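I opened the model to look up a few local features and keep a record of them. The entries are in the order in which I checked them.

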Amino acid sequence: MLLESVITTFTFALCASARAVPNPIEVFKRAHTAGTVINKCSKPGVLALAYDDGPYQYTSSLVDTLDQAGVKGTFFLTGTLYGCIYNQQAAVKKAFESGHQVASHTWTHPHMGSMGAAQIQSEMEKVEQAFVNIFGKKPQYVRPPYLETGGQFLTVMKQMNYTVITDDVDAGDWNNQSPQQSEQKFQQAGASGNGHIPLMHETYQGTVTTLTNWLIDWAKTNNLQIVTVAECLDDANGAYKEGTFEGDGKTTC
């Protein structure tokens, strides 16, 4: 009887270990951030280059610049802000396949804080569908347009299990700041403490070329590792939502 009990217990343990049981630490990391605003990396020694408002005409060249430097960035993409995302799907797929993080910046770049829950959900789902169509994954991360997190936005993001990102250094490129003025903001923020998640836009050539190359050099000078936003939060495996993806219909722009 005792032998049978031991065998049964051992067999159960083997079966349990054979299942794809998620690492509880990784699950916690993903779960505890859903619907809460994160504006800074969770550890020192890193810098997360994050670009908004694409895809745009500079997306492909920005990927090349990052790849040539051996670093990874995060692209917060919209569906229709600068033309239909499907018109730039080759660049979007290139970013994903090169190991960069591709995340959501909503479908139409609206003021999410003034929208109803159903509208917010629709904005997110259209981006999800486009990403699935282009490279087969749904994003886990979102940066809201204008960094607006009021109204029902965070409630919906929690329900949809999204990690919400803002920033702690504003490059100011959207506000006519030159790359040199942006560089001063990083120097003022410094390289100590937990890593920065900057607000930058891939729609400005000065940001894509001058500022990005300067940041790559600045990071090396200060012994900072350039990583994706997910990596800077110790969530490298949580950049995309797990599971199967229903539907293959093309979201219209």
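**Ground rules.** I am working with a predicted model, in which local features need pLDDT of at least 70, side-chain atom pairs count only at pLDDT 80 or more, and totals for chains, interfaces and linings use all residues. I number residues from 1 along each chain as its sequence is written, and side-chain values use heavy atoms, with hydrogens and water left out.

I took helices (H or I, at least four residues) and strands (E, at least two) as DSSP runs, numbered from the N terminus. I looked at strand 5, residues 74-77, and found both of its faces covered. Thr74 and Phe76 on one side are buried, as are Phe75 and Leu77 on the other. Here buried means under 20% relative accessible area, exposed over 50% and partly exposed in between, with a 1.4 Å probe and protein chains only. In a regular strand the side chains alternate between the two faces of the sheet.

I then checked the partners of strand 5; two strands pair if DSSP finds at least two bridges between them. Strand 4 runs parallel to strand 5, and four bridges join them. In this pair Tyr51 is opposite Phe75. Right-handed means that, with the strands pointing away from the viewer, the path from the first strand over the helix to the second runs clockwise. Strand 5 is also paired with strand 6, in the parallel sense and over four bridges. There Thr74 is opposite Gln101. The chain gets from strand 5 to strand 6 through helix 4 (residues 89-97), and this β-α-β crossover is right-handed.

**Backbone angles.** Most residues other than glycine have a negative phi, and most peptide bonds are trans. I noted a cis peptide bond between Gly54 and Pro55, with omega about 0°. Pro55 sits in the loop between strand 4 (50-54) and helix 3 (59-69). Thr106, not a glycine, has a positive phi of about 75°. Its loop runs between strand 6 (101-104) and helix 5 (117-135), and Thr106 is buried at 0% relative accessible area. Leu147 has a positive phi near 60°. I place Leu147 in the loop between strand 8 (141-142) and helix 6 (153-159), where it is partly exposed at 26% relative accessibility.

**Two buried residues.** Val142 lies in strand 8. Why do I list Val142 as buried? Because its relative accessibility is 0%. Contact means heavy atoms within 4.5 Å. Beyond four places in sequence, the contacts of Val142 include Phe76, Ser104, Met124 and Ile165. Met124 is 18 residues away in sequence, and the C-alpha to C-alpha distance is 8.8 Å.

Thr207 belongs to helix 8 (residues 205-221) and is buried, with a relative accessible area of 4%. Leaving out residues up to four places away, Thr207 touches Tyr51, Asp173, Met200, His201 and Thr212.

**Largest pocket.** A pocket is an open set of points on a 1 Å grid over the protein atoms alone where a 1.4 Å probe fits, with protein on both sides within 12 Å along at least five of seven lines; lining residues have an atom within 4 Å of a point. Which residues lie nearest the centre of the largest pocket? They are Asp53, His109, Tyr146, Trp174 and His201, out of 14 lining residues. Strand 4 and strand 12 (198-201) each supply at least two residues of the lining.
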